[in-house]
Amino acid sequence: MKLGASAGPCSSDETKAITNRTAATRYARALLDIALKEKGDLRAIETELADFVALFTQHPTLEKVLLNPAVPVPRKRATIAELTTRAKLTPVLGKLLLLLAERDRLVLLPDLLAAYRERLLDHLNIVRAEVTTAVALPADRAKAVEQSLARVTGRTVMLETRVDPAIIGGVVARVGSTVYDGSVTTQLEKMRQRLTE
């Protein structure tokens, strides 16, 4: 069983995935809140958590054992205690990982990492943006787009650029959950709809 993977498209798996994401979001919020209260290094916690999640990818046997419901929870907790001690994790993160082991919720780790990263960016007033163009943007043009999006959002922008020749020309920008579609393909589609009405 892969960490965070669902067994299939049936609704019970979807429900479980949503429940897991919701729980992971709550743990991520608690992790960030406690780290802020204790004046912890928020970026270091992110790195340590990412490294810990990567352990499962690098060691499939470890993942299989720690996610197996047949393995007794005390053994899982002892394994996590040993791993957190060896990795010299930040105390707040170590405690959270032990809590997840005690509650047999280690399957939440990938969602926890994603949720923590989102909350951290939000705390730092940073927003992710993805810009898609028909051809690669030169560095100066990408910087100009990043600055324009920063003015629009009032936040620092982490820009990723993608190339998709299918949009023909123009730009499609996704900032958080908002999409600004200025692609030629979309403009042509709108024109076609107006002509057929």
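I began with the overall dimensions: the chain has a radius of gyration of 21 Å, whereas a compact globule of 197 residues would have one near 16 Å. The radius is taken over C-alpha atoms, and the globule rule is 2.2 Å times the number of residues to the power 0.38. Along the principal axes, I found that the C-alpha atoms fill a box of roughly 65 × 40 × 25 Å.

I noted that this is a predicted model, in which local features need pLDDT of at least 70 and side-chain atom pairs count only at pLDDT 80 or more, while totals for chains, interfaces and linings use all residues. Residues are numbered from 1 along each chain as its sequence is written, and side-chain values use heavy atoms, with hydrogens and water left out.

**Secondary structure.** I counted 8 helices and 4 strands, in the order α-α-α-α-α-α-β-α-β-β-β-α from the N terminus. These are DSSP runs numbered from the N terminus, helices being H or I of at least four residues and strands E of at least two.

**Surface and contacts.** I looked up burial and found that 32% of the 197 residues are buried (under 20% relative accessible area; exposed is over 50%, partly exposed in between; 1.4 Å probe, protein chains only). The accessible surface comes to about 12,100 Å², with 56% belonging to carbon and sulfur atoms (Shrake-Rupley method, 1.4 Å probe). Of the contacts (heavy atoms within 4.5 Å) with a separation of 6 or more, 68% are between residues 24 or more positions apart.

**Cores.** I next examined the largest nonpolar core, which has 34 residues; L49, L100, L109, L112 and Y116 touch the most other members. Two or more residues each come from α1 (11-37), α2 (42-58), α3 (60-67), α5 (91-102) and α6 (109-123). Such a core is a set of buried Ala, Val, Leu, Ile, Met, Phe, Trp, Tyr and Cys residues joined through side-chain atoms within 4.5 Å. A second, separate core of 8 residues includes V127, A129, V145 and V175. Leaving out residues up to four places away in sequence, I listed the partners of L100 as Y27, R105, L106, L108, L109 and L112.

**Positive phi.** I checked K88, a non-glycine residue with phi of about 55°. K88 lies in the loop between α4 (73-87) and α5 and is exposed, at 70% relative accessible area. N125, also not a glycine, has a positive phi near 60°. I located N125 in the loop between α6 and β1 (126-133), where N125 is partly exposed at 37% relative accessible area.
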